Amino acid sequence: MDLLIAVTLFALAVFLGVELITKVPPTLHTPLMSGSNAISGITIVGALVAAGADHSTFTAVLGFAAVTLAMINVVGGFLVTHRMLGMFGPKRRRGDSAEDRAASSAEGAGDR
Amino acid sequence: MDDWTTLGYLASAVLFILGLKRLSRPRTAVRGNQFGATGMLIAIVVTLTDNAILGFEWIIAGLVLGTAVGAVLAVRVQMTAMPELVALFNGFGGGASVLVAAASYIEAADLATDTPRLSAAAGLAALIGAVTFTGSLIAFGKLQETLKWSGFKGMQVVSVAGVAAAVVFGVLMVADAGNPLWIWLMVAVAAVLGMLVVSPIGGADMPVVIALLNSLSGMAAVAAGFVLDNSLLIIAGSLVGASGLILTQIMCVAMNRSLLAVMFSPAPSGAGGPSADDVYAGKVRSTSPDDVAMLLEAAERVAIVPGYGLAVAQAQHAVRDLARRLEDRGTQVVFGIHPVAGRMPGHMNVLLAEAEIGYEQLIEMDDINPTFEQTDVTIVLGANDVVNPIARTDPDSPIAGMPILDVDKSGVVVVIKRSLSPGFAGIPNPLFAADNSMMLFGDGREAVVSVTKALQQI
């Protein structure tokens, strides 16, 4: 890839990122951060190539360590974001039945 | 890299973009995260089918190990510890980029396929990635409060020397590309720099650091993308880098501090200004749970302003119960959330959401401030500097100009707090001595539970 094309991609993607993120409300900043954090694990792509290139044992070990770290980032990041977003679901507000109330407070106690 | 691989990467880049877009609304956020994960899966599968991959044993071992560790961490973490976990993940992402850059650089040196561009990009990836790695580990230790170290005298001189050394090693990596020693020296000096930059920062400044490290982990991926000539790494890394930068800026504005001030003149001191005795002497009124319950019983609109102290006291569920009790009586209950109420951007919202408080009830600072005058009772729980009216009135105060929640404008303010001790800024808070304020001293959770009980008996 031509260097200038790579730089163009970089600049456009930064602008796009700014546009996308400026609209995120503060309520969602933490899930946004852990979700985008998982996306930064995209280094996994380079790690896979390094681990599988069969160049030398040393570079393969470096690749293996990179795959491990990136995969922790990717799997952990997406999973924990999913877990958090589950808590942001629309809540049953006033008028919810006594059963719902009891069930939800029991869950709450368990979580702690 | 063949055309199919390139097209697959395009598909995952598009999914990342759509995913981030959907993360901006609570209703679509779960789907957005799934889009992101799908994009990642496509990227991994496409790479595994690429011709450049010859052996799979190291890959499978890494994938299995990483998946297991990541899943355990994600499932086990407490919501209060979310900042630590995100810091750790940021660090791992940065560390992976360092290793990728090192492997590519060494391979290119061995095969004599190195170019100045590859070497320079590898230098940048090693620098940014290693700073992110050690910086994140320090942030992790600080957030866990297992690490108290905040540096030593003359540290800034060492930092400047470190930056100079990094530039020298970067130049040597390009000029003498056949020698793998340079990249390891670069990694070593960057690792030290990461520790030096993050270690003096603490307490209320942590949200800025986490956001900045988030951005750096994306930038490290971008640099690795330039090493590997890989468009997907460049695009995805830039998106994350931009996102982290915006959050960094939002956090700085919320504290009225510049990024440079956070990094290089940490911990504003409470020196000067009125002493705690002058502010509080004879003016602080203490109250009881029963009296607070009477006030709440008569109130039509109640605002609750939580700070990190709420999380420390594990009072989220107790507060939820109090809010529900009040709502059952027909009282309107809202929560006023300051942007830096937690230890990372949006942290307080997550803590309250975990306690099943609906996000419609969580009101941002700019939206809730005009409504305090119509609020009968405001309960401040575990917050201090973010409700200190001195930020509006005293231009010499260390928090002068910081946007605050104007709780002092509500009818009555009940401050639940263990003592009159100052917050992170180290200054007394005239709110505690105001005519319309009263202090309910005690542990946050126990105090809220007592108020709820007293309310039941009315």
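Visitor: How many Å separate the centres of domain 1 of chain B and domain 2 of chain B?
Guide: This is a predicted model. Chain B is divided into domain 1, residues 77–264, and domain 2, residues 276–457. Taken over C-alpha atoms, their centres are separated by 37 Å.

Visitor: Which helix gives the largest share of the side of domain 1 of chain B that touches domain 2 of chain B?
Guide: In this contact, 18 residues of domain 1 of chain B meet 15 residues of domain 2 of chain B. On the domain 1 side, α4, α8 (206–228) and α9 (231–255) of chain B each supply at least two residues. The largest share is five residues, and the helix that supplies them is α9(B).

Visitor: How many charged residues does that side of domain 1 of chain B have?
Guide: The residues on the side of domain 1 of chain B that touches domain 2 of chain B divide by class.

Visitor: How many charged residues are on the side of chain B that touches chain A?
Guide: The contact between the chains takes 80 residues from chain A and 99 residues from chain B. Helix α4 of chain B, residues 82–111, gives the largest share of the chain B side, with 17 residues. By class, that side has 62 nonpolar and 29 polar residues, and the charged residues number eight.

Visitor: What percentage of the residues in chain A is buried?
Guide: Chain A has five helices and zero strands, in the order α-α-α-α-α along the sequence. Of its 112 residues, the buried share is 54%.

Notes
Residues numbered from 1 in each chain as written. Chains lettered and ligands numbered in written order. Predicted model: local features only at pLDDT ≥ 70, side-chain atom pairs only at ≥ 80, totals over all residues. Contact = placed C-beta atoms within 7 Å. Helix = DSSP H or I, 4+ residues; strand = E, 2+ residues; numbered from the N terminus. Nonpolar A, V, L, I, M, F, W, Y, C, P; charged D, E, K, R; others polar. Domains from an automatic or database assignment. Buried ≥ 20, exposed ≤ 12 C-beta atoms within 10 Å, placed from the backbone.
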